[in-house]
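Reader: Please take me through this model. I will ask what stands behind each label.

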Amino acid sequence: MTSRASEDETRRRLRQLKEWYLTNHIDFVSGNGAEIRELGCTKIEFSEADMIGVYAPHNDAIVITSWISMIHVHQILVDTGSSVSVLFSGAYSSINLPHDLIKEDENPIIGFSGEVTKAIGKVKIPITVADKSVLDTFLLLDCIAPYNAIVGRDWMHEIGAFTSSYHQCLKFVTPEGVVKVKRDQMTAHKCHENAMARENRRIP
């Protein structure tokens, strides 16, 4: 499939998703990123009940909303394949990080296709989901991206999170029980559409 055809297919699926939400009377705005607490539960399981409100079939990534530092950040990709967490220029500009918090980082970032990117620095700041706050090290990348941030395996391991892209959510255990963080499926589609549109603009 060509890039143009892939972009058209993404737009078609986005229209289908919007129509599906309207037909099924699902509020895709208030439900995105919602934190559902399964009080007293200590076992993490995924079931068909987690598929309620999920448009399927799909191949969407998990995109959530959370607090990073003191800012409510949308369009955060949960990436089990990433060994690092990343803040892109739009997000860290909004957070307005003090310069003395930013440390140098000499390690190159190697992308899926082998391209090498150098971070302008790294910063250790809190990320909070469902009142569970941990300090995570974010690499700062000065580039345009479809997401505001990426959280990788370090963050997921720190909070003990398990993800299911099929069920479009992540879960972790707290002293009160299991917390389920729902996806932002509409935003995942839009992020993919924006990425494909930028790729097509790059191709002569």
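Author: Start with burial. Buried means under 20% relative accessible area, exposed means over 50%, and partly exposed lies in between, using a 1.4 Å probe and protein chains only. The model is predicted: local features need pLDDT of at least 70, side-chain atom pairs count only at pLDDT 80 or more, and totals for chains, interfaces and linings use all residues. Residues are numbered from 1 along each chain as its sequence is written, and side-chain values use heavy atoms, with hydrogens and water left out.

Reader: Why is Cys 169 called buried?

Author: Its relative accessible area is 0%. The limit is under 20%, so Cys 169 is buried.

Reader: What makes Cys 41 partly exposed?

Author: Cys 41 has a relative accessible area of 23%. That value falls between 20% and 50%, so the label is partly exposed.

Reader: How many disulfides does the structure hold?

Author: The count is 0. A disulfide requires a pair of cysteine sulfur atoms within 2.5 Å. In general, a disulfide is a covalent bond between the sulfur atoms of two cysteines.

Reader: How do you know which strands pair in the barrel?

Author: Strands are DSSP runs of E, at least two residues long, numbered from the N terminus. Two strands pair if DSSP finds at least two bridges between them. Here 6 strands close into a barrel, in the order S2-S3-S9-S4-S8-S7, with mixed pairing. From one strand to the next the twist averages 45 degrees.

Reader: What makes S2 and S3 a pair?

Author: S2 and S3 (residues 71-78) share 6 bridges in the antiparallel sense. At least two are required, so they pair. Trp 67 has His 72 in S3 as its bridge partner. The hairpin of S2 and S3 has 2 residues between the strands, and there Ser 69 takes a positive phi near 60 degrees.

Reader: Is Ile 62 buried or exposed?

Author: Ile 62 lies in S2 (residues 62-68). At 4% relative accessibility it is under 20%, so it counts as buried.

Reader: What is the order of the open sheet?

Author: The sheet has 4 strands in the order S1-S12-S11-S10, with antiparallel pairing. S1 (35-39) and S10 (162-164) are the edge strands, each pairing on one side only. The twist averages 20 degrees from one strand to the next.

Reader: What does Thr 174 contact?

Author: Thr 174 sits in S11 (residues 169-174). Its side chain reaches the backbone oxygen of Gly 177 at 2.8 Å. A polar contact is a pair of N or O atoms within 3.5 Å; within protein, one must be able to donate a hydrogen and the other to accept it, and residues adjacent in sequence count only if both atoms are side-chain atoms. Gly 177 is also the bridge partner of Thr 174 in S12. At 12% relative accessibility, Thr 174 counts as buried.

Reader: What makes Lys 171 sit over the ring of Phe 46?

Author: The rule asks for NZ of Lys or CZ of Arg within 6 Å of the ring centre and within 35 degrees of the ring normal. The charged end of Lys 171 is 5.1 Å from the centre of the Phe 46 ring, and it sits over that ring.

Conventions
Axes are lines fitted to C-alpha atoms, for helices over the stretch in contact, and angles run from 0 to 180 degrees between N-to-C directions.
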